[in-house]
Structures are given as C-alpha cells and as structure tokens.
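Biologist: Please put the model on screen. I have a few questions about single residues.

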Amino acid sequence: MALSNIIGPVEQMALSNHPIKSLYFMMVGRPESLTITMVSYMGKLRVAFKTEKGFIDPEKLKSSIQNAFEMMLKAAQDIA
C-alpha cells in the first residue's frame with residue numbers, strides 16, 4: 001500500500017495558454033495492491049485511488065469513502 005499527500009498550487013495553472021481545471025497525482029509502475037494519492041489544487045482536494053484488479057469491491061469502497069467523508073463533515077460541523 002502507498003499513501004501520499006502533496007500540497008499543490010493555490011493559483012490556477014495553464015498549459016499552452018489553456019487553463020488547467022483540475023490536477024491529479026498518481027504514482028505508477030509500483031507493485032502496490034492499493035495506492036491512494038491526494039493533492040490540493042486551487043484550494044480543492046483531489047483524491048485518486050488505484051487498486052490491483054479484483055483487490056477491492058469498487059462499490060463497497062465508494063460507499064465506505066462516502067460514509068467516512070460524511071462522518072468527518074458532521075464532526076467538523078459539530079465543532080464549529
């Protein structure tokens with residue numbers, strides 16, 4: 001398993017005068033069964049997942065992630 005977190009640009013970037021709408025980062029060519037990368041771009045968090053085929057049920061993973069983010073949002077709102 002690999003996990004990374006990178007702080008990205010806070011201002012919008014452009015490539016050949018074309019604005020970049022979003023930015024993702026992924027480590028490839030590594031033998032991990034599960035890779036999760038996070039990068040911020042213009043104040044928004046982007047999360048990418050890469051798994052070995054058949055390693056994780058995609059629907060269960062999606063449901064678990066949604067539940068976790070909802071729990072974190074509720075906890076943050078309760079603090080504020």
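**Residues in a predicted model**

Modeller: This is a predicted model. Thr37 has a relative accessibility of 1%, so Thr37 counts as buried.

Biologist: In which strand does Thr37 lie, and which residues is Thr37 in contact with, leaving aside its neighbours within four places in sequence?

Modeller: Thr37 belongs to strand S4. With neighbours within four places in sequence left aside, its contacts are Ser4, Phe25, Met26, Met27, Arg46, Val47 and Ala48.

Biologist: Where is Met42, and is Met42 buried, partly exposed or exposed?

Modeller: Met42 sits in the loop between strand S4 (34-41) and strand S5 (44-51). Phi of Met42 is positive, near 55°, and Met42 is not a glycine. Most residues other than glycine have a negative phi. The relative accessible area of Met42 is 35%, so Met42 is partly exposed.

Biologist: What is the phi of Ser16?

Modeller: Ser16 is in the loop between strand S2 (14-15) and strand S3 (18-19). Its relative accessible area is 63%, and because exposed means over 50%, Ser16 is exposed. Ser16 is not a glycine, yet its phi is positive, at about 55°.

Biologist: How many salt bridges are there, and which side chains meet in a salt bridge?

Modeller: The count comes to one salt bridge. Asp78 has 55% relative accessibility, so Asp78 counts as exposed. The N to O distance is 3.1 Å, and the side chains are those of Asp78 and Lys74.

Terms used. Residues are numbered from 1 along each chain as its sequence is written. This is a predicted model: local features need pLDDT of at least 70, side-chain atom pairs count only at pLDDT 80 or more; totals for chains, interfaces and linings use all residues. Side-chain values use heavy atoms; hydrogens and water are left out. Helices (H or I, at least four residues) and strands (E, at least two) are DSSP runs, numbered from the N terminus. Buried means under 20% relative accessible area, exposed over 50%, partly exposed in between (1.4 Å probe, protein chains only). Contact means heavy atoms within 4.5 Å. A salt bridge is a side-chain nitrogen of Lys or Arg within 4 Å of a carboxyl oxygen of Asp or Glu.
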